[in-house]
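Here is a quick briefing on one protein chain. Look at the structure first, then read the points below.

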Amino acid sequence: MRNGYKQLFIGFLLVFIKIHIIVDLFPDFIGYIFIYNGIKQIATLSSQSYERLKVLSIILVVVSLPNFFLSDQVIQQISWLAYYPTLLSLLKVILVYFLFELLRKISKMLPSNSALLSTNRMFYWYMTVTLSSLFIQSFLMNVTMEVMLPVSILLIILYLIVEISFLVYLRNMRKRYPEEGFFERFA
């Protein structure tokens, strides 16, 4: 279980970090491969079904491949790629939604209720901030610059906070499970 959360953490960290020098130094498609491996490990150890997550992570691996080569400026210049970042964001939100379904089921397996409470709290915050920022972004092009700039800065700050909180959540959940082979040492 710990290794699955570690894979999820590394995957979402690679998706979160964007350093683009000719190519993306931390490619998103490798992050989604890590996410797929983490989901697979967590789901198989907990005997949960993960078909939707499997399909979504494979789709995200394929869809995020052009992001490795194309910078955001190039994507904005090509008219038929204008909605590509929004598509990636929507697919990621859908992936995280189904991932939280799996994480809720798994957190119920822990003896204390605190894991389920923190999972629910993180789910509500993550979905509220990301969905509202995606919704508000679609209307920002129709407002004046005096309104758009502060709202954009606020959305960016909130999005950064919720993404970092999600990474911290994954790290903390990893620590709640015993190491693999922990119980075998005492048998």
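Accessible area here comes from the Shrake-Rupley method with a 1.4 Å probe. By that method, the chain exposes about 11000 Å². Carbon and sulfur atoms supply 69% of that area. Keep in mind that this is a predicted model.

**Overall build**
- The chain has 8 helices and 2 strands.
- Along the sequence, the pattern runs α-β-β-α-α-α-α-α-α-α.
- The C-alpha atoms fill a box of roughly 65 × 30 × 25 Å along the principal axes.
- Of the 187 residues in the chain, 39% are buried.
- Take contacts between residues at least 6 apart in sequence: 72% of them join residues at least 24 apart.

**Charges**
- The chain carries 16 positive and 10 negative charges, and their mean positions are 9 Å apart.
- Side chains of opposite charge can pair when their charged atoms come close.
- The whole structure holds 4 salt bridges.

**Asp28 and Lys18**
- These two form a salt bridge, with the closest N and O atoms 2.8 Å apart.
- Asp28 sits in helix 2 and Lys18 in the loop between helix 1 and strand 1, so the pair ties together parts 10 residues apart in sequence.
- Asp28 is buried at 6% relative accessibility, while Lys18 is partly exposed at 42%.

- Lys54 pairs with Glu51, the closest N and O atoms being 3.7 Å apart.
- Both lie in helix 3, 3 residues apart, or about one turn of the helix.
- Glu101 forms a salt bridge with Arg52, at 3.9 Å between the closest N and O atoms.
- Glu101 belongs to helix 6 and Arg52 to helix 3, so this pair ties together parts 49 residues apart in sequence.
- Arg52 is exposed at 53% relative accessibility, whereas Glu101 is partly exposed at 30%.

Terms used. Residues numbered from 1 in each chain as written. Predicted model: local features only at pLDDT ≥ 70, side-chain atom pairs only at ≥ 80, totals over all residues. Heavy atoms only, no water. Helix = DSSP H or I, 4+ residues; strand = E, 2+ residues; numbered from the N terminus. Buried < 20%, exposed > 50% of the residue type's maximum accessible area, 1.4 Å probe, protein only. Contact = heavy atoms within 4.5 Å. Lys, Arg positive; Asp, Glu negative; His and termini not counted. Charge placed at Lys NZ, Arg CZ, Asp CG, Glu CD. Salt bridge = Lys/Arg side-chain N within 4 Å of Asp/Glu carboxyl O.
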